[in-house]
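Subject: Structure for your review

Dear colleague,

I would be grateful if you could read the notes after it with the model open beside them.

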Protein chains: 4
Amino acid sequence: MIIPKANKLDTSQLKEIEAIAADFECSILEIQGRNRCVYAILGDEGREVMFKRIAGLPYIAKVDMIESPYKLMDRRSGLSDHRVRVGQIEVGKDKPFIIAGPCTIDPANPNFYIESAHALKEAGVDALRGGVWKPRTNPYSFQGDNHSLSIILQAREETGLPIDIEVMDSTQLKLALEAKVDVVQVGTRNAQNYCLLKEIGQLTAGSSTAVLLKRGRHMASPNEFIASAEYLVAEGNPNVMLCPRGTTPPLDGYRNHPDESITPLLKNRTWAPVVVDPSHSVGHADFVPACSLASIAYGADGLCIESHIQPAKGIGDDPKQAILPQKVKELVVACNEVWKNRYLP
Amino acid sequence: MIIPKANKLDTSQLKEIEAIAADFECSILEIQGRNRCVYAILGDEGREVMFKRIAGLPYIAKVDMIESPYKLMDRRSGLSDHRVRVGQIEVGKDKPFIIAGPCTIDPANPNFYIESAHALKEAGVDALRGGVWKPRTNPYSFQGDNHSLSIILQAREETGLPIDIEVMDSTQLKLALEAKVDVVQVGTRNAQNYCLLKEIGQLTAGSSTAVLLKRGRHMASPNEFIASAEYLVAEGNPNVMLCPRGTTPPLDGYRNHPDESITPLLKNRTWAPVVVDPSHSVGHADFVPACSLASIAYGADGLCIESHIQPAKGIGDDPKQAILPQKVKELVVACNEVWKNRYLP
Amino acid sequence: MIIPKANKLDTSQLKEIEAIAADFECSILEIQGRNRCVYAILGDEGREVMFKRIAGLPYIAKVDMIESPYKLMDRRSGLSDHRVRVGQIEVGKDKPFIIAGPCTIDPANPNFYIESAHALKEAGVDALRGGVWKPRTNPYSFQGDNHSLSIILQAREETGLPIDIEVMDSTQLKLALEAKVDVVQVGTRNAQNYCLLKEIGQLTAGSSTAVLLKRGRHMASPNEFIASAEYLVAEGNPNVMLCPRGTTPPLDGYRNHPDESITPLLKNRTWAPVVVDPSHSVGHADFVPACSLASIAYGADGLCIESHIQPAKGIGDDPKQAILPQKVKELVVACNEVWKNRYLP
Amino acid sequence: MIIPKANKLDTSQLKEIEAIAADFECSILEIQGRNRCVYAILGDEGREVMFKRIAGLPYIAKVDMIESPYKLMDRRSGLSDHRVRVGQIEVGKDKPFIIAGPCTIDPANPNFYIESAHALKEAGVDALRGGVWKPRTNPYSFQGDNHSLSIILQAREETGLPIDIEVMDSTQLKLALEAKVDVVQVGTRNAQNYCLLKEIGQLTAGSSTAVLLKRGRHMASPNEFIASAEYLVAEGNPNVMLCPRGTTPPLDGYRNHPDESITPLLKNRTWAPVVVDPSHSVGHADFVPACSLASIAYGADGLCIESHIQPAKGIGDDPKQAILPQKVKELVVACNEVWKNRYLP
C-alpha cells in the first residue's frame, strides 16, 4: 500500500512509481477514495529494495508491507506443529515447564550449586539453570569461570535433569556444545547479536539442543523478537523457546519492566513455546511468585526461575532475586492450578 | 542524605549548609566513608523548601528524602485497616470484585445498555460501568450525552447493582453526585488534574461514594499514582480504589502497555484496593481474559471490564474491546480459582 | 484500508462489510495482491462509527484511517497563514520569542519577582512567566496563592512586558481572564483535560489572549498533542503555541526526557508556533543553555525559560532549575546566532 | 548507605549486618534522623559482594553505592586529558568532526560509493563511513559482502580520508584490522556484546585504531553506555568515541527517538568525545540537518551522517535517510557557526 503525501499522485509521479515497480515485475493499482487516493502494488510485495526505492520518493508519505517478516517462525508455516523438547519433556505439554537454579555458579563453593540442584529436583523442576560465564555491565565484576562448567555437568549427572547455560561468544558456545548442554541460552544483551545467533543455529542444526532466546531489553517488539529467533531456525535448529525477561526503563520498585504480557502476542504469531523469566523481570524474591503465576495466566508454556538454597550466599543476583527451592515447590503446585484455568486466544 | 559533588564539603560549604538547616531547626551530621563523605540531616526531614535550597547549591550532587510522599495512603498510616465498600460489598474480601459494562452508553439505543446490565448481573458481576460523558482525543468524536445518565440509573434500579461513571469536570461531578452514583471514576487523562481530585474529595467527604482512580498513561510511578489518591483522601474521602489500565507507548499488538504488574508495588505501599482495567490495557477482546487472570494472579482485588451483549453495535471502544457477558461469567469462575492460588508478598 | 486476518475475505464476510458500508453510503473495493487481498472503502472515510464496526469483526486484522485527526490545526487548513501574537510581537517572526521568569511567585517576598522581571526585561526577553497557582504531586506542598496574581500584574505594569500564567481549573481561568493576562498556560498534567481546554477556548474566543499548551508527559504523539490544541481552536481561539517540555520516564541525569526533537514533526503538520520549555526538560540550570540552543536549532519559534535573580531563594523549582537573568541575556544573543543557521524542512 | 524497611534496625539485625561488613573489613555507623535511621558503611565501599549480601537481607529496603561504575572513562581519571585522533585529526578540536558516507556499500555498483566519497571530500568531511557487513533484523535481507571492503579501501586510497566500518564478530574484526581501517564501529545491537568489546580492545590495544561505539537502543543510561566503553579502554585502547543514535520506542514520525540530548550528561562524566548519528535518530533525510545542528548545540564533538550521491539508488537505508553531499557541505558551514555559540557546562 503506497500512501502519497498529497491527496493524489500526478501523472508523472505515477509513471515514475510504475517504472520502479516494472523493474520488479509488479504493477500499480490506483484506488480512489472520496478525499484521496492510495496505491496498491500488485505482484510480489516482498521485494524489499523496491519498497525502499518507492518509500524514498519525495512525494510519498508511507509504504506498508503486509508480508510477515519471518517465514519459518510464523504460526502458519510448515513448522506450525513442531514441538520443542528438552531432555524427555515436551515443553508446554499438559503443564508448565520449569527451569530453575542459582544465578551464577560459584566456582569456589561448588556445594551451593550441587545442593540447590538436588533440592530443585525434589521440588519438581524440569531442568537446571546456572551461570558459567556472565555478561556484566561493569568490566571489573566477576565474569565467570570455565571451572563452573564442570560443576553444572556434575549436577546433571547426579540429578538426571537437563541443563541450561548462557553463552556469549563462539568460544563459550563450542565449550557448551562439547559438553552437550541441553539448552543454550542467549541473553538479552545478545538478543540481536545476529552473528552469534547464526553460529548457534549452524552448530546445533539437526541436533536435539534447544535454545532459550531472551527478549531484547529495549522492548523489542513481538516481530523483532520473533525475527531474532528466525535466525536460529533458518540455520536449521527449530528447537527455540522465547523468553520474556523484563525490559527497560524499569518500573520503579522492580529491576526491569515486567513483560509477561507479551506472551499472547507471541503465541498468536508463532508456534514457538514461551518460557518467562520472572526473576529478572521483577528482580526481588518477594515478587517472583506473583509474576510467575501471572505468566502462566497469560499463557506461558514455562518459567525460568532463579533459586538458591542460601540466596544470601550467592555470588550473582541471588541475594536480592533468588527464591528458596521450597518456595519453588509450592509455586509449581500453584502454577499447575492456574494452568488449568488459563485462556489461550 | 546530602551527597556533595566532591568527595567532601570544605569548611565554608559545610557552614553554609548548617546555616540553612538551622533556619529549619535541623542539624547536619558528617559521615566519613573511606573514599568520600555524605551528610545526614538530623531533625524534621520533611521540610521541602530546606531540601530544595540545599539541592540548589552548586557543590551538591544529590539530596535524598526518605520520607513517604503520602501520609494517609501509606500502608503504615492510621487508615491501614480501612476497607473500601461499594454498595454492600467490601472490595477484595474473599473474592475478586468485578465491575463490568459497555464502554459508552448509546443514548439512541438504551436497550443495549439495559440488556447488557441484566446479562452481567446474571454473570455474577458486582457493579456496572458505562460511559455517560467521554474524553476523546479528537474534538469531533462523540462526547457523550446527559441523557445517558438516566439510562444507567434505570439499569441500577432494575438490577440492584451499584454503578460507576467517569466524570471530567465540576459540572459532570455535580450531576453524578445528585444522582447518587456509587462509584465516581477519574480517567487516565485527569489522573493528575489535582483541582478535580480535590473537588471530588471535598464533595464526597464523609459519604459512602467510592472513587475509582485510573493510573496516568505516562507510566506514573507507584508513588506518583498513590500521591494522586492522597488528594482525595486528604479532603476526607478514603474510599479510593487504584486502577491500572495500561500505559503508553503501547506494546505493539495491544492498545496500551499492560501494567497489572504494578499491583504488588501498590499493595506493598498502601492499604487501598487495586482494581485492574484489562480492557483498556490490551484493547482487544481476544486478550482480555488472559489479562484479567494475570491481574488476579498479581494480587489485584478486582477488575473493571468492558462487556456488551453485541460488541459490534457499541458506539465506544466496544467493537474491538468488549467481551460478551457469557465470557464474563466464565471469567468470574476462572478468576476465583486463580484467586485461591495467588501470593501476596 | 481494511486488512483481513486471512489472505482474503470469503463471500459472506465481504457481504457483511458491504452491508455496514452501505449504511454509511460507502462501498468496498477489493484489491488483489499476489499473496493476499486488502479492501478499500470508497466514500467518506471519516465516519468513525463505521470504521469501528468493521474493525470489530472477528476476521479483520486492521482498519487504517487516512484522514487527519485534526482539521483546523492542519498545516493545510484555512488557518495556515494565521500568525500568533503576544502583546505587540508576532511569535517566531525574525527571531526567537523568549518567555522567562521565576517558577513560582513567592507571595511573602514580592521583590524577588519584581526584580527578576526588571532584570529579564533588560536581558531582552519578550514576555514574563510566573506561577500563581501550582500543580503539585504532593498535596501537602505549597499550592500557590491568589495574592501572587497581583504581583505579576505589577510586574507587567512596571516593565510593559506581557505575562504568562498557568491555570488549572475554571475558577483560576476566570481570575486570569479578568486580569487580562496575555498568555494562559495549560500544564502537562492538564494537556488532555478536554473540559478545561474547551472552556478556555470558549472564554477566549475572538480575543487576543494566547494559549501556551504544554505537551502531555506521557510522550503524547505529535498527533495527540495537536489534537489537544484543536479543542482550543475549534472553540474559536487560534492563538495557540505548542510547548514541548520533556516527557517521562526521565533520562537519567535530567528531570525529564528532553523532547525538543519533536519540533520539526509539529511544524510539518501544523501552522502553530512551537515554544520549547528547556527548564522542565533537563531540570538543571547547568544544562538549560545547551537545551535552549538545541531547541532553536531544531526550528523552535521560541523558548519558555525559568529565571530568577537569586535561584537559591526561589520557592518552586528554581534552586535547581532557574538560570540568572544575566545568563538569559547571553543566551538570547547565542539563540539569535543559531536561528540564522537553522534548517526548516 | 543502607536503608532499612522499618524505621530502625533492631539489635540482632544490626549485628548481622556488622558481621557481614566485618568479613570485608568494614564497619557500620548508625545515623539517627527524627523519624528513622539510616546506616553508613565505613571502609571500602566498592566491595560488590558485600553490598549484595546486605541488600539481600529481608529487612533492608535499599543499599546505595556511591562509587563510579567506571574507572578509566571517568572524567576525573588519569585519562582525563587523553585526546582521540582519527588520521591526522583530533576529534572535537576547534570544529565538529564529520564522518559521512552511504549506509551500505553496493558491491554490484562500486561507483556509487567511490563517487559519493569524492563528493564528500569536496564537501569538507573528515572521514568516510560505509557498511560492508550489515546487522539486519530480517535474516533474509542483504547481509553485506566481503568484496565491499575493497571498495571502501579504494575510496580511502583515492581521497586520503580515513574510513569507518562496522564489525559484528571476530571474523569481521580481523578482516577490518588487517585492512588497517581507521575507525572500527560497534553497532547498537552489539553495544553490550561484551565479548566483542573485549576482543576489539585487545586486538587494537596500543594501536591508533579508533572505536565508534553506538549507544544501546534500549535507552542505555549514561552510566551503562560509558561502562560499555570501559570494556574497550580496560583492554588497552582509549581511542573511544561515544555515538548516540536514537533509541526505541521511536517518536512517531521518526525512525527512532532522537537522543542527542544525552550529550551533556556524557561529557560531564567522561573525557571521551561524543559523535552523534543524526541519520539513524530521525531516519528521514528532511529532518537530518536540524538534528545535526541540535547535536552540535548540545555540545557534540562531531557527527556521523549518511550521505549518498543518489539516495534513491542506495541499497541500505539511503532512500529514506541519506542526504546529498551538497547538503552535507552546507551543513558543515552551519555546524561551524553553531559550534561557536554552544555552551559547555
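The notes that follow describe two interfaces, one after the other.

Please bear in mind throughout that this is a predicted model.

Chain C and chain B

I begin with the extent of this interface. On one side, 47 residues of chain C take part, and they are in contact with 46 residues of chain B. Between them the two chains bury about 3900 Å², and carbon and sulfur atoms account for 50% of that area. Within chain C, the residues that lose the most area to chain B are C:Lys52, C:Arg53 and C:Tyr140, which together make up 14% of what that side buries.

Which residue of chain B forms a salt bridge with C:Glu224? The partner is B:Arg217, and the closest N and O atoms of the pair are 2.3 Å apart. The count of salt bridges between chain C and chain B is three.

Several elements of chain C give two or more residues to the side that touches chain B: helix H2 (48-55), strand E4 (60-63), helix H6 (194-204), helix H7 (222-234) and helix H11 (318-321). The largest share comes from H7(C), with five residues. By type, the residues on this side of chain C comprise 18 nonpolar, 13 polar and 16 charged.

Chain D and chain A

The area buried here is about 3800 Å², with 50% of it given by carbon and sulfur atoms. In chain D, the most area is lost to chain A by D:Lys52, D:Arg53 and D:Tyr140, together 14% of what that side buries.

How many salt bridges are found across the interface of chain D and chain A? There are three. A salt bridge joins the side chains of D:Glu224 and A:Arg217, at 2.3 Å from N to O. Polar contacts between chain D and chain A number 13 residue pairs, both residues being at pLDDT 80 or more.

Yours sincerely

Conventions: Residues are numbered from 1 along each chain as its sequence is written. Chains are lettered from A and ligands numbered from 1 in the order in which they are written. This is a predicted model: local features need pLDDT of at least 70, side-chain atom pairs count only at pLDDT 80 or more; totals for chains, interfaces and linings use all residues. Side-chain values use heavy atoms; hydrogens and water are left out. Contact means heavy atoms within 4.5 Å. Buried area is the accessible area (1.4 Å probe) that two parts lose on being put together, summed over both. A salt bridge is a side-chain nitrogen of Lys or Arg within 4 Å of a carboxyl oxygen of Asp or Glu. Helices (H or I, at least four residues) and strands (E, at least two) are DSSP runs, numbered from the N terminus. Ala, Val, Leu, Ile, Met, Phe, Trp, Tyr, Cys and Pro count as nonpolar, Asp, Glu, Lys and Arg as charged, and the others, Gly among them, as polar. A polar contact is a pair of N or O atoms within 3.5 Å; within protein, one must be able to donate a hydrogen and the other to accept it, and residues adjacent in sequence count only if both atoms are side-chain atoms.
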